[in-house]
Amino acid sequence: DVFVDMSDNGIQMLSVQPDTKPKGCAGCNRKIKDRYLLKALDKYWHEDCLKCACCDCRLGEVGSTLYTKANLILCRRDYLRLFGVTGNCAACSKLIPAFEMVMRAKENVYHLDCFACQLCNQRFCVGDKFFLKNNMILCQTDYEEGLMKEGYAPQVR
């Protein structure tokens, strides 16, 4: 019966055999008369009926896993958006959702917009040097000025 096993623990696509009794769809409660059906959560579904409760994407098309929480069936992206958290931004201390792109410096994690010099607010571009001093991100100018104030002149070669 199995046409393609898309996952060990998620969604399976099954080929419907012509001589078998049609199964009922868990989504719309109608009989599944299509050539293929999906099996997920120990239930059978039309390919169009197994959708993410948030974005309506067809879960059989976006991957082999689905997520459930609070009686919702969700795609990975929406599950992480609603229920996932990566931690707090080291600059602004606000939560960073799990799906959001971040910047990392050692063990610190930052929103992309927060990844800037914490003295002059200069945003960093790809290839810019930055320094992590006393858990603060600094641009090269502010880092060197801080060293000079402390009596350490950077060595220029």
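Met-101, Met-103 and Leu-112 together make a nonpolar patch on the surface, with about 280 Å² of accessible area. Bear in mind as you look around that this is a predicted model.

In soluble globular proteins, nonpolar side chains tend to be buried together. Here, the largest nonpolar core has 14 residues, and Ile-11, Leu-50, Leu-59 and Leu-66 touch the most other members. Strand E3 (36-40) and strand E6 (72-74) are the elements that give two or more residues to this core, with the largest share, 3 residues, coming from E3. If you pick out Leu-59, you will find that the residues it touches include Ile-11, Leu-50, Leu-66 and Ile-73, leaving aside those up to four places away in sequence. Another core, of 12 residues, lies apart from that one, with Cys-89, Val-109, Phe-115 and Cys-139 among them.

The charged side chains are worth a visit too: there are 4 salt bridges. One joins Asp-48 to Arg-58, with the closest N and O atoms 2.3 Å apart. Both residues lie in the loop between strand E4 (43-45) and helix H1 (59-62), so the pair ties together parts that are 10 residues apart in sequence. Asp-48 is partly exposed, at 45% relative accessible area, and Arg-58 is partly exposed as well, at 25%. Asp-48, Arg-58 and Glu-61 are linked in a network of salt bridges.

Notes. Residues numbered from 1 in each chain as written. Predicted model: local features only at pLDDT ≥ 70, side-chain atom pairs only at ≥ 80, totals over all residues. Heavy atoms only, no water. Patch = residues over 30% accessible without salt bridge, like charges linked within 9 Å, V, L, I, M, F, W, Y side chains within 5 Å. Areas by Shrake-Rupley, 256 points an atom, 1.4 Å probe, with all protein chains shown as cover. Core = buried A, V, L, I, M, F, W, Y, C linked by side-chain atoms within 4.5 Å. Buried < 20%, exposed > 50% of the residue type's maximum accessible area, 1.4 Å probe, protein only. Helix = DSSP H or I, 4+ residues; strand = E, 2+ residues; numbered from the N terminus. Contact = heavy atoms within 4.5 Å.
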